[in-house]
Amino acid sequence: MIREGLTFDDVLLVPQHSVVKSRAGVDISIRWGGMHFDHPIIPANMQSVTGKEMAIQIIKNGGLAILHRFMEHREQLHIAEKIFDDFGNENFAVSVGVKEADLEMIKKFWDIGVRIICIDVAHGDSDLCIKTCQWIRKNKPDMFIIAGNVATADGAERLWTAGADVVKVGVGPGSLCTTRIETGNGVPQLTALMDVATRRQEMMDEQIHRPLYIIADGGIKSAGDVVKALCFSDMVMSGNLFAGCTETPGEIIVIDKVPYKKYVGSSTHKANHIEGVAALVPTKGSYQSVLTKLLEGLRSGMSYQGAHNLAQLRDNPTFIKITNAGLKESHVHDVILQ
């Protein structure tokens, strides 16, 4: 059987009756155990997005900062220590891989105060990722574990069962990712999120006695996509929306008087790797200005759904599938923009 797969542009949320008096009163905060975040939007833990400076701005704005792993281990430790000295460790995570050296780094991160670890691999539904989750849960039982990426309900369940608190969902939807084209593998992002959210509910109904969380990672092009993704996830992650921000790593490159920054896929730095590309994106201004616009759209989208908080947004949303004509109608059309 061949299933139909959907992504964000294939659907719209059907507006619902709303008693929300003002979008300003919509609660977009997140609680994960004893942790609190002011909003659910995470800049991707990519080498051209979340370095030290970006992480600091994310923390200052009440978000979750996940430092990328494509740097020397000594530098990762130094950045983590500096951020803990200035801001504490509640809104900060570090990324690791699944090799023996990464297990040693997890011990060092724990010793300096890291309490949130992101196991960051392209194919999270793998023995190496599962065994890394199990090792952390056994050796550092109080560590909060984010693991991924996966694109199936079975893959998510395997990681949750192995000890992950959060599963990161998304194989191939990112703007730099060529995984689906070069390998033929992937699941359209909205369908992947729906499948994983359904499995989570099934596991909770089976008396799983701990929270299970989802991050929607990739394919998000607008605030509207954020709203759609949060109907099935707890938080969303995006690289493209934040690439080119003032605080991202890298120098500004000026071409024909237009300033750009490099935007590099997480696999692109590897020799002979086919699953990502390097690109340039126009500079976007500050992280805070980009975030503010996204959060305004999120609050508005929630008010159209009559949702006072993110839990209500996830409570049985109604979607309608649209055609290409419907997608065209959804964008600005038949005018000359000034």
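## Loops with positive phi

In this predicted model, Asp 256 sits in the loop that runs between strand S12 (253-255) and strand S13 (258-264). Its phi is near 50 degrees, a positive value in a residue other than glycine, and because its relative accessibility is 72%, Asp 256 counts as exposed.

Asn 316, which is likewise not a glycine, has a positive phi of about 55 degrees. The loop that holds Asn 316 lies between helix H10 (310-313) and strand S15 (319-321), and with a relative accessibility of 65% this asparagine counts as exposed.

## Helix H1 and the residue after it

Helix H1 covers residues 52-60, and its buried residues are Met 54, Ala 55, Ile 56, Ile 58 and Ile 59. These buried residues pack against strand S4 (41-43), strand S5 (65-67), H2, S6 and helix H9 (287-304). Just after H1 comes Gly 62, where phi is positive at about 80 degrees.

## Asn 91 between H2 and S6

Asn 91 is placed in the loop that links helix H2 (73-87) to strand S6 (92-96). Is this residue buried or exposed? Asn 91 counts as buried, because its relative accessibility of 14% falls under the 20% cut-off.

The side chain of Asn 91 reaches the backbone oxygen of Gly 63 at 2.8 Å. When neighbours within four places in sequence are left aside, the residues in contact with Asn 91 are His 36, Phe 37, Ile 59, Gly 62, Gly 63, Leu 64 and Ala 65.

Strand S7 (residues 116-120) is mostly covered, with 5 of its 5 residues buried. In a regular strand, side chains alternate between the two faces of the sheet. Here Ile 116, Cys 118 and Asp 120 point one way from S7, while Ile 117 and Ile 119 point the other way, and all are buried.

On one side of the pairing account, S6 and S7 run in the parallel sense and are joined over 3 bridges, with Ile 119 in S7 as the bridge partner of Val 96. Together with helix H3 (residues 100-112), S6 and S7 make a right-handed β-α-β unit. S7 also runs parallel to strand S8 (residues 144-150), to which 5 bridges join it, and Cys 118 stands opposite Ile 146 in S8.

How many disulfides does a search of the whole structure find? The search finds 0. The closest cysteine sulfur to that of Cys 177 belongs to Cys 118 and is 16 Å away, which is too far for a bond. Cys 245 is also in no disulfide, and the nearest cysteine sulfur, again that of Cys 118, is 20 Å away.

The surroundings of these residues can be described by their accessibility. Cys 177 counts as partly exposed, because its relative accessibility is 28%, whereas Cys 245, at 0% relative accessibility, counts as buried. Cys 118 is buried too, as one of the residues of S7.

Technical notes
Residues numbered from 1 in each chain as written. Predicted model: local features only at pLDDT ≥ 70, side-chain atom pairs only at ≥ 80, totals over all residues. Heavy atoms only, no water. Helix = DSSP H or I, 4+ residues; strand = E, 2+ residues; numbered from the N terminus. Buried < 20%, exposed > 50% of the residue type's maximum accessible area, 1.4 Å probe, protein only. Polar contact = N/O pair within 3.5 Å; in protein donor to acceptor, adjacent residues only side chain to side chain. Contact = heavy atoms within 4.5 Å. Pairing = 2+ DSSP bridges. Right-handed = clockwise from strand over helix to strand, strands pointing away. Disulfide = S-S within 2.5 Å.
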